[in-house]
Amino acid sequence: MPAMNITPLPYAALAPDQIGIRPPDGRLLADIRIGTVALQVADLARSLAFYEDVLGFQVLRRSEGTPAAGAVAELGAAGSEQALLVLHEQPGVRPVPRRGLLGLYHFAILLPSRADLGRFLRHVHVLGVRIGSSDHLYSEATYLTDPDGITVEVYRDRPRSEWQVSEQGEIQSALDPLDLPAVLQAAGDTRWQGLPAGTTIGHMHFYTGSLAQAAAFYHAALGLDKVTWSLPGALFVSAGSYHHHVGLNVWAAGSPAATAQDARLLSWELWLPDAASRDAAAARLQQAGFPTEPAPEGIAATDPWGNRLLLRTDGERARH
């Protein structure tokens, strides 16, 4: 993902309406958040060893398996009962192959600060865990693979005042080396004690079979702005001029889609500020030919590669 060869402007030099490309038929408000991500895994105990010991999640609730359903664990960060991640055990599912399957590319854990990222990096280095890293200009990111081959990004955002935007309103990105010494220095002497308070799911990233189809679902119908569109084989979309709430790429084009027999994403939540914005997004999806249906968690829709999206309001989240 090389830096785009366009003279950039400071993010603050442009008004919010000058950043990105608006969808044609309705736009999501800036006040959206990604909620719970649900994964299907082969061995819950093995996965918990990774998500607790390596990533620092806390188990909030756990239920044992039955003949009708596998064991489930809800995980979150310090100081909150909100589940960021739910693991559903399905013994015997296949690991994600190295090239990937159409569906989830990775989900991304957003830490509150650079110091937190430094503490996390020092922690995984002590554990001897293999990790990738990159500087994306707007963020500093690390990448790990869970026991089922699912990729997890752990990152921190730079202040928006440090982001760069092209004259065309495109948020600039890069795949530069991470300044590891500087990130570790930011950690100070404080040790990693698990995901800190304020940790969220920052974005989702999907392998798709077609960027045109992906844009039809996530941009034109759901209502996310295009914010980065010059990266080879990729499109980033967001609300509120964020660098991306959803990443879309065709880097695994030609691979099969994940199935019930694979470790995979089961669902992800998008929290909207009110019922009106939720219902408007659902109506746009329906009108564009993407069926929606009521669900206990809100309104459900599925993209062309089987990624199940749950549209929810903050009120529904509180009741849940």
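Student: Which residue in β5 is the bridge partner of Ala38?

Tutor: That's Val86. Keep in mind as we go that this is a predicted model.

Student: What makes β2 and β5 a strand pair?

Tutor: A pair needs at least two bridges between the strands. DSSP finds 5 bridges between β2 and β5 (residues 85-89), so by that cut-off they pair. The two strands run parallel.

Student: How many bridges join β2 to β15, and do they run parallel or antiparallel?

Tutor: There are 6 bridges, and the strands run antiparallel. With at least two needed, β2 and β15 therefore count as a pair too. One of the contacts to look up is Val37, whose bridge partner in β15 is Trp268.

Student: Why is β2 described as largely enclosed by the rest of the structure?

Tutor: Check its residues against the burial cut-off, which is under 20% relative accessible area. In β2 (residues 33-41), 8 of the 9 residues are buried, so the strand is largely enclosed by the rest of the structure.

Student: Where does Ala186 lie, and what makes it partly exposed?

Tutor: Ala186 lies in helix α3 (residues 180-186). Its relative accessible area is 32%, which falls between 20% and 50%, so it's partly exposed.

Student: Which residues does Ala186 touch, leaving out those up to four places away in sequence?

Tutor: Arg114 and Ala115. Contact here means heavy atoms within 4.5 Å. As for Thr199, it is 13 residues from Ala186 in sequence and 18 Å away in space, C-alpha to C-alpha.

Student: Zooming out, how do you know that the radius of gyration agrees with a compact globule?

Tutor: Set the value against the expectation. With 320 residues, a compact globule would come out near 20 Å, and the protein chain has 19 Å, so the two agree. The C-alpha trace spans about 55 × 50 × 40 Å along its principal axes, and buried residues make up 52% of the chain. The secondary structure comes to 6 helices and 18 strands.

Student: What share of the contacts between residues at least 6 apart joins residues at least 24 apart?

Tutor: That's 72% in the protein chain.

Student: What is the volume of the largest pocket, and which residues are closest to its centre?

Tutor: The volume is about 630 Å³. Of the 28 lining residues, Arg98, Thr145, Gly149, Ile150 and Thr151 are the closest to the centre. The elements giving two or more residues to the lining are β6 (103-110), β8 (139-145) and β15 (264-272).

Student: How do the lining residues divide into nonpolar, polar and charged?

Tutor: The lining has 16 nonpolar, 8 polar and 4 charged residues.

Notes. Residues numbered from 1 in each chain as written. Predicted model: local features only at pLDDT ≥ 70, side-chain atom pairs only at ≥ 80, totals over all residues. Heavy atoms only, no water. 1 Å grid on protein atoms, 1.4 Å probe; cavity = no way out; pocket = protein on both sides within 12 Å on 5 of 7 lines; lining within 4 Å. Points joined across faces, edges and corners; volume = space filled by probe spheres on them. Helix = DSSP H or I, 4+ residues; strand = E, 2+ residues; numbered from the N terminus. Nonpolar A, V, L, I, M, F, W, Y, C, P; charged D, E, K, R; others polar. Buried < 20%, exposed > 50% of the residue type's maximum accessible area, 1.4 Å probe, protein only. Rg over C-alpha atoms; globule rule 2.2 N^0.38 Å.
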